[in-house]
Amino acid sequence: MDQRQERQARNEALVRQVNEKIEQVDQASSFADDEMAFEFHCECGRADDDEIGCDERVVMTLREYEEIRAQDDRFAVVPGHEDAALEDVVRRSDRFLVVDKKPVAEPLVADDPRGAASG
Ligand SMILES: [Zn+2]
């Protein structure tokens with residue numbers, strides 16, 4: 001794994017923390033239910049010049065997001081933003097892909113505050 005990939009993987013973990021906040025706010029909305037869709041940040045972690053470069057949004061329901069978050073090495077990205085060097089696509093939909101970190105990248109995202117490792 002090169003430095004760019006390492007930075008990308010770390011960015012993914014950062015973006016995930018932002019999405020966690022989004023989910024908390026969405027869940028706190030009195031009108032929200034599990035089937036309501038919200039815009040989350042794409043978790044691809046692409047970076048340009050040390051900035052977290054991806055501004056695209058992934059539209060997911062709270063239920064879909066929770067299913068992805070149940071495993072701490074899975075991330076939701078915009079179709080086409082997957083990186084075959086770091087992750088495998090485990091699920092595809094019209095709106096997003098779910099990617100599973102390859103073992104080489106897992107240590108970089110292992111400080112996730114919740115979720116079980118997929119092994
Ligand atoms: Zn992206």
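Me: What covers the buried residues of α2?
Reply: This is a predicted model. Helix α2 spans residues 62-69, and its buried residues are E64, Y65 and I68. The elements that cover them include α1 (3-28), β1 (37-41), β4 (57-61), β5 and β7.

Me: Where around the axis of α2 do its buried residues lie, on the same side or on opposite sides?
Reply: The buried residues of α2 are E64, Y65 and I68. They cover an arc of only 100 degrees around the axis, which puts them on the same side of α2. In general, an α-helix has 3.6 residues a turn, so residues three or four places apart point the same way.

Me: Which strands stand at the edges of the open sheet of three strands?
Reply: The order in this sheet is β5-β7-β6, with antiparallel pairing. Two of its strands have a single partner strand each, so one side of each is left without a neighbour in the sheet. Neighbouring strands are turned by 35 degrees against each other on average, direction ignored. The edge strands are β5 (74-77) and β6 (87-92).

Me: Which residue of β7 stands opposite V77?
Reply: β5 runs antiparallel to β7 (residues 97-101), and four bridges join the two. Opposite V77 stands L97.

Me: What percentage of the residues in the protein is buried?
Reply: The protein has three helices and seven strands, in the pattern α-β-β-β-β-α-β-β-β-α along the sequence. Buried here means 20 or more other C-beta atoms within 10 Å of a residue's own. Of the 119 residues, the buried share is 31%.

Note on methods: Residues are numbered from 1 along each chain as its sequence is written. This is a predicted model: local features need pLDDT of at least 70, side-chain atom pairs count only at pLDDT 80 or more; totals for chains, interfaces and linings use all residues. Two strands pair if DSSP finds at least two bridges between them. Axes are lines fitted to C-alpha atoms, for helices over the stretch in contact, and angles run from 0 to 180 degrees between N-to-C directions. A residue is buried if 20 or more other C-beta atoms lie within 10 Å of its own, exposed if 12 or fewer, and partly exposed in between; C-beta atoms are placed from the backbone. The arc is that of the directions from the helix axis to the C-beta atoms. Two residues are in contact if their C-beta atoms, placed from the backbone, lie within 7 Å.
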